[in-house]
Amino acid sequence: MVFGSGSFAVVSTLYSHPLAVGPAIMESIDTQALNILNEYPLLVPYSNFKKWEGFVQVKDMDVQIEITTPLYPSLKDVSIKCSPDVYPLLISLKNQAEDSSLLNLLRSISHALKSKSLLAMESLELDKQKLQTFIIVLKELEASNVVNLNHDAMTVTLRYEDSSGEFHELTVQFDDDYPKTTVVIKKIDLPTETAAALEGSTATIKQLYESFKDSVEDLIPLWETAKELEKECWVIDPEVPQRKDTYRRIFLTTDLSVSISFNSLRMNEMPEIKFFGCVSVVEQKSSEFMSRLDSIGWNMELSVVSNLKMLLAINEFPRKCLNSTQDPLECIICASSGVEDGTPAQKWCNNDKCPSVYHRSCLYRWFDSLQGAKQYWDYICGPCPYCKVKIWCPVKEDVSAKR
Ligand SMILES: [Zn+2]
Ligand SMILES: [Zn+2]
């Protein structure tokens, strides 16, 4: 046992023969002292009960203690020496005990030590069970794939390097009874359908990890294509693309964007192409696109970017939206740069990458004609005609924009 101070050594040499002073003590012993000696036989009084030295027994452990009571039987100026691991516990009791008796103080000390040892045993028990489960999990997996094991949350994060050299992570949660119980996927960055299929398969962590690896390999063509689009085009949506995103919306002009949606597991099929923006421009561009598609078709031998360039009749994709700050901007809906309700077309969409500007009245009429748009009090809410991000548009001209 390690002690906080060296005073015990000094004490034991000073009182190396406690029984020699015993008889003197016994002459003036009081009832409390008798009770203490009964309940705490390993605690020996010295110096006319002004010092108590020995052990307090708790369950199967003995806690060494030295109590000084200079004004015994009063607890005034009582001091306690003990090992550092129980010191904080006993000091807090000492502070509460000033106007109690030494016997009561000793009883609270025993009580506190008892609950402390119980607590320590319980947490040890819990850790043992968790540890056993962890060992089962680790045995199942190769340690090199495990990037994180969280003892509190009972989660394990596994990493996989795919054949293109990209890293992927899967976080799985399990409980104490694993492998009797099924695991839950806590974090995964794969397209929704793939993630749902993995989640639905009741499996061990190892089986789940194997399916995860297969799914990742199957999805490489999607991510390569998305990467190429991001390199060649100004992607306005998703703002921060993730591996789960199966579409990219691309800037063409300030009044026209195009969205390309993939079937993540059928990358050898033509993606779904949709134009967004100014109605007249959308109509014109889609019909041009469709007629070119009819004549030249979608060439599976070529990349998505190359196919798009041919079908859109462009050599390069515009790199970035460069909004002219001098010219009044054109409303994407009415294609006019003029003034409506006394104001020119302005930015309503919260997507920073979206270049769209609208007249309030044009936007309101647009939403009003949509089936999905909803009106709440003085606002109507619907998708941005250019990038599909939700926009709140005031119903009346005098209501300020809610952003
Ligand atoms: Zn307009
Ligand atoms: Zn927008």
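I looked up the α8–α9 contacts: Phe289, Arg292, Leu293 and Ile296 in α8 meet Met310, Leu311 and Leu312 in α9. Contact here is C-beta atoms, placed from the backbone, within 7 Å. Helices are DSSP runs of H or I with at least four residues, strands are runs of E with at least two, and both are numbered from the N terminus.

The model is predicted: local features need pLDDT of at least 70, side-chain atom pairs count only at pLDDT 80 or more, and totals for chains, interfaces and linings use all residues. Residues are numbered from 1 along each chain as its sequence is written, and chains are lettered from A and ligands numbered from 1 in the order written.

I took the packing angle next. Helix α8 (residues 279–296) and helix α9 (residues 304–312) pack at about 115 degrees, with axes 8 Å apart. Axes are lines fitted to C-alpha atoms, for helices over the stretch in contact, and angles run from 0 to 180 degrees between N-to-C directions. That makes α8 roughly perpendicular to α9 (65 to 115 degrees; under 35 is roughly parallel, over 145 roughly antiparallel, the rest oblique).

I then turned to the sheet. Three strands form an open antiparallel sheet in the order β15-β16-β17, where pairing requires at least two DSSP bridges. The edge strands, β15 (374–376) and β17 (390–394), each pair on one side only. The twist averages 30 degrees from one strand to the next. Three bridges join β15 to β16 (residues 379–383), and Lys374 has Cys381 in β16 as its bridge partner. Helix α10 (residues 360–369) lies across β16 and β17, at about 115 degrees to β17.

Key
Two residues are in contact if their C-beta atoms, placed from the backbone, lie within 7 Å.
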